[in-house]
Amino acid sequence: MSTSPQPIRINHDELFSDEVEEFLGVRRQQTREIGESVQQPFLIRMFYASWFYLSIASGLGAVIAWAVLEPFFHDGLHAKQEGIDLVGLFLFPTVAGCIGLFLGAAEGAICRNPRRATLSALVGFGVGFGGGLITLLAAGFLFLITLGLAGAVEKNPQPGKMPTGFAFLILMMGRAAAWALASIPAGLGQGIALKDKKVAINGVVGGVLGGLVGGLLFDPISLAFTTADGKATLSRAIGFTMIGLFVGLFVGLVEGWTKTAWLLMRQGPLAGKQFILFRDVTVLGSSPSADIYLFKDALIEPRHAVIYNRGGRFEVEDCGTPDGTYVNGTAIQRRWLESGDQLALGKTVLEFDLREAK
């Protein structure tokens, strides 16, 4: 004879007992309704894209460098240069230093973190200017070689005039190579300030590419904007600005090309901002010293959660906070993250994404 399981019967008193209410209360504390995230408008997403704000900041730094150097340039049909050419000596260091200053400050400024902005800006200027002095010899020597080669190739060289044809192309390539070398320290500062090798490498690669492209355009710009009497003020302004813009642009693009994991803020004061997970250990919290600074949220602790990169897999850990850390609406102590997971800290929601290895 078979026996069927008896149904479980719960009476009214048991259903509404203190034990049941306590259990439901605990369950409610362990879950959080995240809500549907609305995609930010295109202009907001572009503003928070690193290639955009780094290029603007770097271009502004180059404009400042031009404003500092321009009073010391002497050009024109009757210009004479006597003694040591100080403006030529400090050209690369000043441009690299000012680009490094603004490039370093950009990320901290966007993230509303004055401490990071100030530190990275000062280090960026120091590394840019000092490195510019170091690369000056190599960059200047390289340019002088190509300048001499262009003069040798030019069939009818004229003093004070731009070479033409193939000689002009040689001059462009020489100046591009010189600016590529000079721009290395401009992109290096932020990585040194943050003590992050990956950020430093991205800065170097971006600086080289940006200096190369910007330097390549320098002579065509000079040809187009130098006046008939030899005044090159506008030409230099545009040329320096283009170098700065391209250095920042390529630093941001290289960051995007090389990223493997990142957090996109879906809800919060920087909704639309992307935070690339460069480090093996990334701290999220309300302290300005946190790797990802989450401000204007009273529920977030100074050190709220930590994300560990464990050989390409990422694990999040709550730091014993009163409000907790939630993944996809569920409170966690530790949890492996998968692409698309919604990470909630206080009122801030971050979406984790991972680039699949090919």
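Mentor: Let's start with a term: helices here are DSSP runs of H or I with at least four residues, numbered from the N terminus. Keep in mind, too, that this is a predicted model.

Now to your patch. Leu-149, Val-153, Phe-166, Leu-169, Met-173 and Leu-216 make a nonpolar surface patch of about 520 Å². Helix 7 (114-153) and helix 8 each put in at least two of its residues. Helix 8 is the top contributor, with 3 residues. Then there's Leu-216, which sits in helix 10.

Next, look for Trp-179. Its contacts, leaving out residues up to four places away in sequence, include Gly-211, Gly-215 and Phe-218, along with Leu-91, Phe-92 and Val-95. Trp-179 also touches Phe-240 and Ile-243. That brings us to the inside of the protein: Trp-179 and Phe-240 are among the residues with the most contacts inside the largest nonpolar core, which has 58 residues. Leu-263, Leu-284, Ile-307 and Leu-350 are on that list as well. Helix 6 (residues 91-110) gives this core its largest share, 9 residues. As a general point, nonpolar side chains tend to be buried together in soluble globular proteins.

From here, go on to the other salt bridges; the structure holds 9 of them. One joins Glu-70 to Arg-236, with the closest N and O atoms 2.8 Å apart. Glu-70 is in the loop between helix 4 (50-69) and helix 5 (86-89), and Arg-236 is in helix 11 (residues 233-258), so the pair ties together parts 166 residues apart in sequence. Glu-70 counts as buried at 12% relative accessibility, and Arg-236 is buried too, at 10%.

Another salt bridge runs between strands. Arg-334 and Glu-315 meet through their side chains at 3.1 Å, N to O. Arg-334 is in strand 9 (residues 334-336) and Glu-315 in strand 6 (residues 313-318), 19 residues apart. The two partners contrast in cover: Arg-334 is partly exposed at 43% relative accessible area, while Glu-315 is buried at 9%. Both belong to a salt-bridge network that also takes in Arg-310 and Glu-317.

Finally, step back to the whole chain. You'll count 11 helices and 11 strands, and 46% of the 358 residues are buried. Among contacts between residues at least 6 apart in sequence, 63% join residues at least 24 apart. The accessible surface is about 19,200 Å², and carbon and sulfur atoms account for 64% of that.

Terms used:
Residues are numbered from 1 along each chain as its sequence is written. This is a predicted model: local features need pLDDT of at least 70, side-chain atom pairs count only at pLDDT 80 or more; totals for chains, interfaces and linings use all residues. Side-chain values use heavy atoms; hydrogens and water are left out. A nonpolar core is a set of buried Ala, Val, Leu, Ile, Met, Phe, Trp, Tyr and Cys residues joined through side-chain atoms within 4.5 Å. Buried means under 20% relative accessible area, exposed over 50%, partly exposed in between (1.4 Å probe, protein chains only). Contact means heavy atoms within 4.5 Å. A salt bridge is a side-chain nitrogen of Lys or Arg within 4 Å of a carboxyl oxygen of Asp or Glu. Patches are made of residues with over 30% relative accessible area and no salt bridge: like charges are joined within 9 Å, nonpolar side chains (Val, Leu, Ile, Met, Phe, Trp, Tyr) within 5 Å. Accessible areas come from the Shrake-Rupley method with a 1.4 Å probe; for residues, only the protein chains shown count as cover.
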